[in-house]
Amino acid sequence: MPKKQKFLLRAYIVFAAMFVVAPASNAMHIMEGYLPAGYCVAWGAVCLPFLAAGFFSLRSKIKENRRNLILIAMSGAFIFVISSLKIPSVTASCSHMTGTGLGAILFGPCSVSILGLLVLVFQAVLLAHGGLTTLGANTFSMAIAGPLVSFGIYRLCCRTKVNHRAGIFLAAFAGDLFTYCVTSVQLALAHPSEAGGVAASTVKFLGVFAPTQLPLAVIEGILTVVIVIGLETYAGPELRAIGFVDRRKEA
């Protein structure tokens with residue numbers, strides 16, 4: 001393995017070792033047993049087409065170049081580490097970043113659906129973060145909806161000649177916030193308010209998430225920019241292999 005790749009891999013391992021251990025708490029993945037069975041099945045069914053597309057997308061990228069596995073693995077590790085950091089909220093809940101914007105920018109939103117699913121399974125089993133019955137709902141919000149927005153924002157910034165790093169920040173920032181907007185709707189659909197129905201319940205859930213999620217979205221945007229700068233410095237050939245440098249030329 002070239003020296004640059006070894007350095008990048010070691011740095012990422014140190015980063016993961018510092019932050020992956022987190023105390024147990026009720027995090028902002030929808031927890032086990034919180035959704036009725038019908039909703040669990042429905043959200044799982046909605047995810048299936050995206051997961052199928054993600055599987056074929058990842059398989060294609062690996063067949064094109066086996067070295068793409070390095071960036072794919074790092075994108076998955078970034079999602080796992082950053083979404084395992086649970087920050088206490090002033091509203092007595094917890095918030096966390098998602099980390100899916102990086103993978104969406106590098107590989108597209110379909111590929112991230114698989115990475116996000118794997119992360120959510122490990123977190124549910126090993127960290128009691130989220131749940132297996134709510135896996136479909138959590139996958140849709142964090143691994144499908146958020147990455148779609150991140151990718152869309154990034155491509156829009158490329159086409160409108162927005163500064164490259166500003167575009168990365170906006171993509172990660174928007175994807176993080178949209179994840180929790182979708183989560184709020186999911187919770188509201190399952191637990192509508194008696195007074196105002198789904199709309200009122202959605203507003204309440206958004207109000208719970210907003211105080212901590214807004215600053216966390218800013219932090220995630222900054223971290224994503226820093227990671228991309230590191231990749232551009234130490235993994236230039238790998239970025240060119242996946243076409244990331246070519247997409248930059250559009251900006």
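User: Which residues in α4 meet which residues in α6?

Analyst: In this predicted model, T100, G101, A104 and I105 of α4 are in contact with M142, P147, S150, F151 and Y154 of α6. By type, the residues of this contact comprise 6 nonpolar, 3 polar and no charged.

User: How is the packing of two helices described?

Analyst: Two packed helices are described by the angle between their axes and the distance between those axes. Here, helix α4 (residues 100–107) packs on helix α6 (residues 135–159) at an angle of about 55 degrees, and their axes are 8 Å apart.

User: Why are α4 and α6 called oblique to each other?

Analyst: Angles under 35 degrees count as roughly parallel, and 65 to 115 as roughly perpendicular. The angle between α4 and α6 is about 55 degrees, so the two helices are oblique to each other. Their crossing is right-handed.

User: Where is I222, and is it buried, partly exposed or exposed?

Analyst: I222 lies in helix α8 (residues 197–234). Buried means under 20% relative accessible area, and exposed means over 50%. With a value of 47%, I222 is therefore partly exposed. The C-alpha atom of I222 is separated by 9.4 Å from that of L170, 52 residues apart along the chain.

User: What elements does the chain have, and in what order do they run from the N terminus?

Analyst: The chain has 10 helices and 2 strands, in the order α-α-α-β-β-α-α-α-α-α-α-α. Of its 251 residues, 49% count as buried. Among contacts in the chain with a separation of 6 or more, 79% are between residues 24 or more positions apart.

Note on methods:
Residues numbered from 1 in each chain as written. Predicted model: local features only at pLDDT ≥ 70, side-chain atom pairs only at ≥ 80, totals over all residues. Heavy atoms only, no water. Helix = DSSP H or I, 4+ residues; strand = E, 2+ residues; numbered from the N terminus. Buried < 20%, exposed > 50% of the residue type's maximum accessible area, 1.4 Å probe, protein only. Axes fitted to C-alpha atoms, helices over the stretch in contact; angles between N-to-C directions. Parallel < 35°, antiparallel > 145°, perpendicular 65-115°, else oblique. Left-handed = near helix turned anticlockwise from the far one by under 90°. Contact = heavy atoms within 4.5 Å. Nonpolar A, V, L, I, M, F, W, Y, C, P; charged D, E, K, R; others polar.
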